[in-house]
Amino acid sequence: FETFKQASEEAGWEVSHEAFLASMGLPRRNIPPKLAEVLGATFPATRVLDRSYELLESAVERHGPPLKGGVDEILDALGERRIPAIVATSTDAATARAYLDTTGLLQRFVGVVGGDEIERGKPDPDIFLHAAEKLETPPDRVIVFEDSMNGVRAGAAAGMRVIMIPDFIEPSAEIRAMAFAVVLSLHDAATQLDTLLA
């Protein structure tokens, strides 16, 4: 959000957190039309998005990608139960792999599915269905950990059990109804895993 805000200000626009959240979880190619829908056709969405990604890359190079608290705990808990984990992200697969490699997490996943590998991004279910195929697991046996509303919609549409860990915004009643559970953090997801898997 900070890089998006800075890029927007450089272009002469002030944007709200809500405008940013509307595009969260979407593949990169779908973000400009969503921003135009939310902010109007005169908003220079592609230019702002390109600049935002430049700023983001620079921040990641300086500080590394930020990690959600509890990520090691949840991966340990899944590993102890011999449950394979795969990343399904709207980010391009190569970028996601590079970020995961930088943090040392890449080898903890059996694969990565990126937004560039599917035709329709979240909230459509394609990315999760593709991930299930890679796992050779029926969709109803897959658990999705999500922080975006578009991701919850996609997981639910795929027929999967969705655990939401809210990030920037509290889930609406509609999203809560789609989710199997809403937990405060990955720490909580790890400690409640057996209940969530039941």
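Trp-13 is partly exposed, with a relative accessible area of 25%; that class lies between buried, under 20%, and exposed, over 50%, for a 1.4 Å probe and protein chains only. The model is predicted, so local features need pLDDT of at least 70 and side-chain atom pairs pLDDT 80 or more, while totals for chains, interfaces and linings use all residues. Residues are numbered from 1 along each chain as its sequence is written, and side-chain values use heavy atoms, leaving out hydrogens and water.

Let me begin with the aromatic residues. A search of the whole structure finds four aromatic pairs, a pair being rings of Phe, Tyr or Trp (its six-membered ring) with centres within 6.5 Å; planes under 30 degrees apart are stacked, over 60 edge-to-face, and the rest tilted. Phe-4 and Phe-43 form a tilted pair, 6.4 Å centre to centre with 55° between the planes. Phe-43 counts as buried, at 4% relative accessibility. The rings of Trp-13 and Phe-43 have centres 5.0 Å apart and planes at 85°, so this pair is edge-to-face. Ring pairs link Phe-1, Phe-4, Trp-13, Phe-20 and Phe-43 into a cluster.

I turn now to helix α5. Which residues of helix α5 are buried? They are Val-71, Ile-74, Leu-75, Ala-77 and Leu-78. These residues lie on the same side of α5 because they cover an arc of only 160° around the axis, taken from the directions from the helix axis to the C-beta atoms.

Finally, the charged end of Arg-161 sits over the ring of Phe-180, 4.4 Å from its centre; the criterion is NZ of Lys or CZ of Arg within 6 Å of the ring centre and within 35 degrees of the ring normal.

Note on methods
Helix = DSSP H or I, 4+ residues; strand = E, 2+ residues; numbered from the N terminus.
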